[in-house]
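The following paragraphs lead the reader through one protein structure. Please keep the sequence and the model in view while reading.

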Amino acid sequence: PQDVNCEVAAFTELVSVATHAISRFDKIAHGRRERIGVWGDGNMGYIVSLLLHTRYPDTKIVVFGRNESKLHDFTFADETHLVDDVSGVELVDHAFECAGGEGSVAAIEQIIDRINPRHRIAARRLREQRAHQHPHGAGEGLALVRQQPQRSRDFEATVRLYHEHPEVLDYLAALVCSVNEARQISDISAAFEADIRKPM
């Protein structure tokens, strides 16, 4: 749509990934959704938390991360916690793993400890051979919901979200750290190198 800020629109592919994950969760998760946990304080964790907050306004969104300064950006979340200090945190009903990479294994292990029975964990890219090495087993009623390929309807749902909840676009604007002009391949490489060094 022409009225969407192009810099924010650049995140649409990521937002549609989150839209897809939440729509799958919505179809299979049980009705108790008082507290939903999100593990990960990067861009994907931010987007998933934001969309959960928008879709389930009566649900408490609880974000777990490694970097306190990043967690301050999750102003729409009901609670934020460092993963190293969760002993007194109330259990969640469902969880989304957004840590990514090697961090996903540690996130899944902590989720199993911090989630109520008969729960659903939406995992992005969990390595099959390491999915069940948790010392306490898989927990009662645990279901891992892995990401499936997106479809055009996920993108269409994302565009509808932009129109129905324009505040989402304002929150997404916080993810734009810089805008870089690319005239040659080296400009793209430099932009990605600079991005790697940024906290988000």
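Predicted model: local features only at pLDDT ≥ 70, side-chain atom pairs only at ≥ 80, totals over all residues.

Two packed helices are described by the angle between their axes and the distance between the axes.

Which residues of the two helices meet? From α2 come Thr 12, Val 15, Ser 16, Thr 19, His 20 and Ser 23, and from α6 come Asp 154, Phe 155, Ala 157, Thr 158 and Tyr 162. By residue class, the contact of α2 with α6 divides into 4 nonpolar, 6 polar and 1 charged.

The wider setting of this contact is the fold of the chain. The secondary structure of the protein comes to 8 helices and 6 strands. Along the sequence, these elements follow the pattern α-α-β-α-β-α-β-β-α-β-β-α-α-α. Of the 200 residues in the protein, 43% are buried. Among contacts with a separation of 6 or more, 67% are between residues 24 or more positions apart.

With 5 of its 5 residues buried, β1 is mostly covered. In a regular strand the side chains alternate between the two faces of the sheet. In β1, Arg 35, Gly 37 and Trp 39 point one way, Ile 36 and Val 38 point the other way, and all are buried.

How does β1 pair with other strands? Strands β1 and β2 pair in the parallel sense over 5 bridges, and Gly 37 stands opposite Val 62 in β2. The path of the chain from β1 to β2 passes through helix α3 (residues 43-55), and this β-α-β crossover is right-handed. Strand β1 is also joined to strand β4 (residues 94-97) by 4 bridges, and these two strands run parallel. Here Gly 37 stands opposite Ala 95 in β4.

Strand β2 (residues 60-65) is likewise mostly covered, as 5 of its 6 residues are buried. Besides its pairing with β1, β2 is joined by 4 bridges to strand β3 (residues 79-82), again in parallel. Val 63 has Thr 80 in β3 as its bridge partner.

One further residue deserves attention. Ser 69 lies in helix α4 (residues 68-71). Is Ser 69 buried, partly exposed or exposed? A residue is buried under 20% relative accessible area and exposed over 50%, so Ser 69, at 46% relative accessibility, counts as partly exposed. Ser 69 and Asp 41 are 28 residues apart along the chain, and their C-alpha atoms are separated by 9.6 Å.

Methods:
Residues numbered from 1 in each chain as written. Heavy atoms only, no water. Buried < 20%, exposed > 50% of the residue type's maximum accessible area, 1.4 Å probe, protein only. Pairing = 2+ DSSP bridges. Right-handed = clockwise from strand over helix to strand, strands pointing away. Contact = heavy atoms within 4.5 Å. Nonpolar A, V, L, I, M, F, W, Y, C, P; charged D, E, K, R; others polar.
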